[in-house]
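Please open the structure in a viewer and keep the selection panel at hand.

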Amino acid sequence: MSSPCSILECGTTDDRHFEMDDYAGTVARWCPGCGDHAILTAVHRLLANGQMKPENTVFVSGIGCSSRFPHYVETYGFHGIHGRALPIATGVKLSRPELDVFVTMGDGDCCSIGAGHWIHAIRYNIDMTVLLLDNNIYGLTKKQTSPTTPQGLITNTQTKGSFLPPLDPLQTTLGVTNASFVAQTADWMPSHLAATLQAAKEHKGFSFVRILQRCPVFTPDVFTDAIKDPDVTDLLTHDDGIHDATAERIYKSHLFHDPSDITEARRLAEGDRTRVGLFFRDESFPRYEDLRAVPKRTPEEKIAFINAELDRHAV
Ligand code: SF4
């Protein structure tokens, strides 16, 4: 970075140039080989490519391995409570719409305790970039069955194998009214991951990206086939989709898919194949922040408004 002052204190200068390292927070404490490291690198690259101002960028998370993300990104951040990343991010964005808001959640965090918030956040379609780091397990609490755990996988909570077929986060998101951006990528596909994050960041609305994420400690085998054999992965391609020449060379199974076609997107989200790319995008869908008419108030007017509200309910 060109400026000598701290990254978060330099908001008034306009000659700053940020390198990836400038966005690095504390040293990540994830296990060696954890897919979260690759995702973190991709996020640092995304921020540097966009020269995103740290003071205008916020990462919000819940609880879990992936929810340590805000500590590792030198922007503003909020390491929240379990399952509540989306309500917190909603509050941030509605209060400060000029900020770029990112949310990182794990599959336990988002799809279990946070599932109600997840569904309604999709429908509200507030402009934020939401990353689901899906390793198919509760990692932080040591191998408990999560909603996306494959059926039959032995865990510490279901020692004879996970009972139920897993919930599919793509199908769920695509099934919610007003879902406006749904994509899937994987931590072991760095260029595709980068291109997907870029597309998600550019989308105006609730961008939902499910990232298949390796957990070599508790689910070391769940993505083995997809990692070792490129032929089990289908790459969604389209002029309006996600473009990654490297992935197109490596992954030979291409599915031409128009991301404006929600019915086909839902069909493609089904089945056992690993499919990556842009499933659906529509920027014309209404966004809650545009519909919600809140008058702009000065700090003094806000305090007066709150006091008037309190007086109104006084008994
Ligand atoms: Fe990553 Fe799994 Fe270790 Fe958590 S337990 S840090 S998800 S490898």
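Which residues lie nearest the centre of the largest pocket? Select Arg-210, Gly-271, Asp-272, Arg-273 and Thr-274, which are among the 27 residues of its lining. The model is a predicted one, in which local features need pLDDT of at least 70 and side-chain atom pairs count only at pLDDT 80 or more, while totals for chains, interfaces and linings use all residues. Residues are numbered from 1 along each chain as its sequence is written, and side-chain values use heavy atoms, without hydrogens and water.

A pocket is an open set of points on a 1 Å grid over the protein atoms alone, with protein on both sides within 12 Å along at least five of seven lines; a cavity is a set where a 1.4 Å probe fits but cannot get out, and lining residues have an atom within 4 Å of a point.

The volume of the largest pocket is about 640 Å³, volume being the space filled by probe spheres set on the points, which are joined across faces, edges and corners.

Next, select Leu-94, Ser-95, Val-294, Pro-295 and Lys-296, which lie nearest the centre of the second largest pocket, lined by 13 residues. This pocket holds about 430 Å³ of space. Then colour helix 2 (85-95) and helix 11 (299-312), each of which supplies at least two residues of that lining; helices are DSSP runs of H or I with at least four residues, and strands are E runs of at least two, numbered from the N terminus.

Finally, select His-192, Leu-235, Leu-236, Thr-237, Ile-242, Glu-248 and Gly-277, which line the largest cavity. Its space is about 30 Å³. Strand 7 (residues 233-237) gives the most to this lining, with three residues.
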